[in-house]
Amino acid sequence: MKFSLNWLNDHLDLNDLSVTEIDDLLTFAGIEVEGIETRGAAIDHLVVAQVISSDKHPDADKLSVCQIDAGTDSPVQIVCGAKNYKVGDKIPLAQPGCELPGGFKIAPCKMRGIESHGMMCSASELGLADSSEGLMILDTDAAPGTPFADIVTPDTIFDVEITPNRPDLLSHLGLARELSALTGRKLKSDIAHYRSSDDNCQPAESSDIDIQAPETCPLYSGHFIRGIKVAPSPDWLKEKLEAVGLRPINNVVDITNYILHQTGQPLHAFDLAKLKGGIQIRYAKDGETITALDGESYPLNSSDLVIADSEQAHAIAGVIGGEDSGVTHSTTDILLEAAYFNPSKVRATARRFNLSTDSSYRFERGIDPLQTLGTSKLAVELILQLAGGTADPQTLISGQVPAAPADVPFEHNACHRLLGHNIGDDKIDSILTSLGLEPDGGDWKIPTWRLDLSRQVDLIEEVARVFGLDNIPARTVGSYAAASKEDNTYSANRNLRDQLVHQGFYEALSVKLIAESQLSDDPATAMKGGLVPMRIKNPISDDYVYLRPSVVPSLLSIAKHNVNHGSSALRLFELGTVFSATPKGQAIEQSSLGLLITGDREPTSWRKPQPETLDFHDLRSVIESLCPGQDIQIHPITPQPGCHLALAAQIRIGKSKAGICGQLTPARAREIGMETPVLVAEFSANTLNTARSTERRFAELPRYPASTRDIAMEAPADLPNSDIEAIFAKIDQKLLESYSLFDVFSDPSGEKLAADKKSLAYTITYRHPKRTLEQAEVEEAHQQILKTLSKNLPVVFR
């Protein structure tokens, strides 16, 4: 929200504080200042000028040629495109040599063949407003040629982020009240003036005001004013609204906006001539619609609270008024509304329409209910002053002012203990009193504008905030805390993420809900052991029906999105939570790591115009890199019927089941837009991190030479490589150092090798750690290995 320093000075004398000091005061009190902007018109060659004449441009329908009195010996000729001025109006004139905000320099020029010696300016062009329509028309007695800086007071605008728990700060009075407590300065304005009681109020008959939903509108007031004249607002009012980014509309609407930014109380004025019968505060009827002040039509339902007459809805309560009953220049009689609406109801309606207004922003956070009637009275006085007319002697009210917040028990000693510093009981009382609280025995009465204070610790926090945390001396240093299980898990996950990123992967972050159609993308369906997916009782849409049992469905959805946006090679991972349930409904929550790779192995280049595509071996190399030095085993399994995996394998780390990997069916790959293989893997993050945390042992480089032997064997075509590796792993031969598959041959035609056979060639390496091997012992060890393989596998050596 934007706050004007000049406006704040109306409530509190801040003239001796610099902008930096005010910024620090707010920041250290927990009120974030997002930006500071200096506005003003201390610009050279910018003067007050008066329009003498205005004629149509001979060669442009939308331009006018004006003669301007700028206090010089002769009139100045200006070509202008604005239409909101008339002869005799005074406007700001930027003369040649003037440099406007944004670096725009004024110089004589020709516009469609007509000379122009300057520019007539709008408020936004001078940096006095965020936006404006037409020229800035001045209401001043200053003579033409008077420097513009002499009639416009410079201002500083603070852009402040107000947290949702502090709606009391959503007004200039509220922020001034806060600064008063922080600085110890007395407010100029009398808060009681804005918080009058129900004096001069009259209970409304139900024919005038009928609250049909008291749970959502406990208080509603209306004041009738007749015979007003709607006209432009005076300069002082325009300047205040423009300072906070609002566009002046007319005197009546501007007064309601002024009261809102002055006190935080939203008001609304209805054109009385357009209302039929009394006011009804009711729920909308299904199928009812309203055209709002923003020109949009909104379909209402029975959960929306509206302000209506006997025929139709004229406002969405607390959110926005209706166009049909809005104040226009022809309005003469109005009904001024001031009300208190239930915050949660306004919030729900505003979110349903995706509509945030100045009014809904305040109502949904909670306004001060005790200022509703007082601000209405203030607005009536201003309307009578600026628009004339006659107001009814009394305000009609219906309902009751909501109850004040409950008193909060408070102990000074508890405050000293929690702060770790005794700042004195008198100082504590002074701080709480400056914030509007009142002592009541051992309790403190909470002002109605501080809805966030409900516990003793809240009051202690206020004391610390106003006293200043920098003023509380440090008494102890932080003590050592051993790393917890959660700390270790966080560090392990961070290291895992870093490694994958360094290997060229991109981390994906997705919602934990998936559609029912995505369940078949779970690669581990066959390994769930009777576990079932968890369905949401009240899904928000068909796309978010189940808590995901796997991260792979989310990765496939993200892959499809990237492919649709032009990506052809993907390396994605996600480390997140997955969910499942036992048949009895007991929820199980686990951490899981998912991988997805597809596309070319490397970018296309002159060296490789057609690079190879990623395959299962690339996925396996990634899997093995995650646990260096560990016994990683890949065991083929049969994909579950309905699962979208063409190939699947179980991942084991030592004797522990760690996850599953596989390749999507070509049909599923095409559905996400890929013609190349799409490979996925999913791990139990806990199992993986446990294996990665195993202590690593390093060995010195071998001192003695190795001896190698090659073997070729004929095996059934469907014999998994994992079965062969399992036998190698069981061989108890101390000289065996390693084995490596270097060739695979098959012949589907059956000419060179039976079609149901394949030929495998391995290199076997032998080494003794303390001496050079002799030929005989290598041969003996080699024959033992051949014998073991032929005994345990259906193979024939060639």
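# Domains, a helix pair and a pocket

The protein is divided into domain 1 (2–39 + 157–189), domain 2 (46–151), domain 3 (198–399), domain 4 (408–471), domain 5 (486–692) and domain 6 (707–797), with bounds from an automatic or database domain assignment. This is a predicted model: local features need pLDDT of at least 70, side-chain atom pairs count only at pLDDT 80 or more, and totals for chains, interfaces and linings use all residues. Residues are numbered from 1 along each chain as its sequence is written, and side-chain values use heavy atoms, without hydrogens and water.

User: How are α10 and α11 oriented to each other?

Analyst: Helices are DSSP runs (H or I, at least four residues), numbered from the N terminus. The axes, lines fitted to C-alpha atoms over the stretch in contact, come within 10 Å and cross at roughly 95°. Angles of 65 to 115 degrees count as roughly perpendicular. α10 and α11 are therefore roughly perpendicular.

User: Which residues of α11 meet α10?

Analyst: Contact means heavy atoms within 4.5 Å. On the α10 side are Lys 427, Ile 428, Ile 431 and Leu 432. Their partners in α11 are Leu 459, Glu 462, Val 463, Val 466 and Phe 467.

User: Which element gives the most to the lining of the largest pocket?

Analyst: A pocket is an open set of points on a 1 Å grid where a 1.4 Å probe fits, with protein on both sides within 12 Å along at least five of seven lines; lining residues have an atom within 4 Å of a point. Of the 32 lining residues, the closest to the centre include Val 253 and His 268. With five residues, the top contributor is α5.

User: How far apart are the centres of domain 1 and domain 6?

Analyst: The centres are taken over C-alpha atoms. The separation is 81 Å.

Technical notes: Axes fitted to C-alpha atoms, helices over the stretch in contact; angles between N-to-C directions. Helix = DSSP H or I, 4+ residues; strand = E, 2+ residues; numbered from the N terminus. Parallel < 35°, antiparallel > 145°, perpendicular 65-115°, else oblique.
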